[in-house]
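Dear colleague,

Please find below the structure for your review.

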Amino acid sequence: TAASSLDESLPGWIGVAIRAARLPKGAVIIQISEDDVTRMLKQAQTFTESLHEKGIQCAVSRFGCALSPFRNLKHLTVDYIKMDGSYTRELNDSPDNQKQLKEMLAELHEANKQTIMPQVESASSLASLWQYGVHFVQGYYVQAPQESMNYNFEEESSF
């Protein structure tokens with residue numbers, strides 16, 4: 001939240017918690033919304049730099065709705081960009097929407113940002129997004145939320 005980026009001690013605390021849990025590098029990614037970045041750019045810049053210095057990756061979520069999203073992005077140390085869900089919902093509405101999304105993704109990829117598309121609800125959306133080079137997808141098409149967690153993390157051999 002915006003309040004989190006104001007807390008100068010939070011990145012240090014997160015780093016200690018990650019080390020105490022013996023999590024591998026990259027196991028935790030902290031995200032900050034584009035709206036919070038726009039309202040508090042200097043604080044977001046300091047926050048993401050501090051996290052990055054501790055080896056903690058960052059993401060900007062709900063990206064692409066600010067008047068100049070790439071201008072703000074130049075000031076941040078982030079690894080991932082999670083696009084706003086409206087881009088997925090409006091993907092098949094018009095060729096202009098598709099063109100705009102492809103251009104934004106191309107610019108993000110040129111900047112070496114990993115891209116995430118939320119709210120993927122159909123095979124046709126997924127197919128289009130893969131063609132655009134999206135790195136990760138989220139949404140009900142991949143798997144709907146479940147009442148309880150039934151994934152056995154102990155089977156993961158990479159940890």
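Tyr80 is buried, at 14% relative accessible area, where buried means under 20%, exposed over 50% and partly exposed in between (1.4 Å probe, protein chains only). Phe136, in contrast, is partly exposed, with 39% relative accessibility. The ring centres of Tyr80 and Phe136 lie 6.1 Å apart with 50° between the planes, so this pair is tilted. Rings of Phe, Tyr and Trp (its six-membered ring) count as a pair if their centres lie within 6.5 Å; planes under 30 degrees apart are stacked, over 60 edge-to-face, and the rest tilted. The pair joins distant parts of the chain, since Tyr80 belongs to strand β3 and Phe136 to strand β5 (residues 136-137), 56 residues apart.

Please note that this is a predicted model, in which local features need pLDDT of at least 70 and side-chain atom pairs count only at pLDDT 80 or more, whereas totals for chains, interfaces and linings use all residues. Residues are numbered from 1 along each chain as its sequence is written, and side-chain values use heavy atoms, with hydrogens and water left out.

The whole structure contains two aromatic pairs. Phe63 and Phe70 form an edge-to-face pair, with 5.5 Å between centres and 80° between planes. Both residues are buried: Phe63 at 2% relative accessibility and Phe70 at 17%.

A cavity is a set of points on a 1 Å grid over the protein atoms alone where a 1.4 Å probe fits but cannot get out; a pocket is an open set with protein on both sides within 12 Å along at least five of seven lines, and lining residues have an atom within 4 Å of a point. The largest cavity holds about 30 Å³, a volume being the space filled by probe spheres set on points joined across faces, edges and corners. Helix α5 (69-73) gives the largest share of its lining, three residues.

The largest pocket has a volume of about 360 Å³. Eleven residues line this pocket, and Gly26, Ile29, Ile116, Phe136 and Gln138 are the closest to its centre.

Regarding confidence, the mean pLDDT (the predictor's confidence in each residue, from 0 to 100) of the protein chain is 89, and 94% of its residues reach 70 or more.

Yours sincerely

Note on methods
Helix = DSSP H or I, 4+ residues; strand = E, 2+ residues; numbered from the N terminus.
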